[in-house]
Amino acid sequence: MGKVVIYLLEWNENVGVPYEITEVDKENRAIKGAIMYKILAKQKKSELVDEIQVEAPFVAARCRPGQFVIVIPKKDGERVPLTIVDANPETGSITLIYQVVGRSTQELAKLSAGDFIQEVAGPMG
């Protein structure tokens with residue numbers, strides 16, 4: 001099993017991301033020094049539909065109904081827009097539901113709770 005070293009950064013209102021990955025040796029899912037977004041929970045809704053709860057305080061504090069985020073599951077991954085289903089500003093988390101149909105959603109489907117997503121940009125729309 002790989003080693004993951006995580007340092008909690010001081011909260012920065014302008015950045016809004018809580019983790020900086022300083023070393024990851026788990027299936028090359030992270031880059032040294034990269035800012036990443038932790039998957040807090042994952043639930044299978046059906047054979048091809050997953051729900052994930054992601055730690056993204058900046059997005060959770062600012063999103064409005066109907067907005068979305070751009071997710072890049074891993075380094076050099078494709079950008080995929082996903083609608084924000086729910087947000088909790090108190091816990092700094094957002095909930096996303098997606099259907100596994102393309103390369104990016106297949107990469108997301110391989111991740112589990114505790115893993116990290118490369119990028120979550122938003123809220124948009």
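Contact here means heavy atoms within 4.5 Å. With that in hand, take Glu107. Leaving aside neighbours within four places in sequence, Glu107 is in contact with Pro73, Lys74 and Gly77.

This is a predicted model, in which local features need pLDDT of at least 70, side-chain atom pairs count only at pLDDT 80 or more, and totals for chains, interfaces and linings use all residues. Residues are numbered from 1 along each chain as its sequence is written, and side-chain values use heavy atoms, with hydrogens and water left out.

## The chain as a whole

The chain holds 2 helices and 9 strands. Helices (H or I, at least four residues) and strands (E, at least two) are DSSP runs, numbered from the N terminus. Read from the N terminus on, the order is β-β-β-β-α-β-β-β-α-β-β.

How much of the chain is buried? Of its 125 residues, 39% count as buried. Buried means under 20% relative accessible area, exposed means over 50%, and partly exposed lies in between (1.4 Å probe, protein chains only). The accessible surface comes to about 7,200 Å². Carbon and sulfur atoms own 49% of that surface. These areas come from the Shrake-Rupley method with a 1.4 Å probe; for residues, only the protein chains shown count as cover.

Residues 24 or more positions apart account for 58% of them.

## Helix 2

Glu107 sits in helix 2 (residues 103-110). Glu107 is buried, with a relative accessible area of 12%. The buried residues of this helix are Ser104, Thr105, Glu107 and Leu108. Seen down the axis of helix 2, they fall within an arc of 155°, so they line one face of the helix. The arc is that of the directions from the helix axis to the C-beta atoms.

## Strand 5 and its partners

Strand 5 (residues 68-72) is mostly covered, with 4 of its 5 residues buried. Which strands pair with strand 5? Strand 6 (residues 80-88) does, in the antiparallel sense over 4 bridges. Strand 9 does too, also antiparallel and over 4 bridges. Two strands pair if DSSP finds at least two bridges between them.

Two residue pairs show where to look. Ile70 has Pro81 of strand 6 as its bridge partner. Ile72 stands opposite Glu119 in strand 9.

Strand 9 (residues 119-124) also holds Pro123. A cis peptide bond joins Gly122 and Pro123, with omega at about 0°. Most peptide bonds are trans.

## The nonpolar core

In soluble globular proteins, nonpolar side chains tend to be buried together. The largest nonpolar core here has 21 residues. Such a core is a set of buried Ala, Val, Leu, Ile, Met, Phe, Trp, Tyr and Cys residues joined through side-chain atoms within 4.5 Å. Ile94, Leu96 and Ile117 have the most contacts inside this core. The elements giving two or more residues to this core are strand 3 (35-44), strand 4 (49-55), helix 1 (57-62), strand 5, strand 6 and strand 7 (93-99).

Ile39 is found in strand 3. Buried or exposed? Ile39 is buried, with a relative accessible area of 1%. Ile39 and Asp115 are 76 residues apart in sequence, yet 5.6 Å apart in space, C-alpha to C-alpha. Not counting residues up to four places away in sequence, Ile39 touches Asp115 and also others, including Ile52, Leu111 and Ile117.

## Salt bridges

Side chains of opposite charge can pair when their charged atoms come close. The whole structure has 4 salt bridges. A salt bridge is a side-chain nitrogen of Lys or Arg within 4 Å of a carboxyl oxygen of Asp or Glu. The table includes some of them.

| Asp50 | Lys42 | 3.8 Å |

Lys42, Lys44 and Asp50 are linked in a network of salt bridges. How covered are these residues? Asp50 is buried, at 1% relative accessible area. Lys42 is partly exposed, at 28%, and Lys44 is exposed, at 52%.
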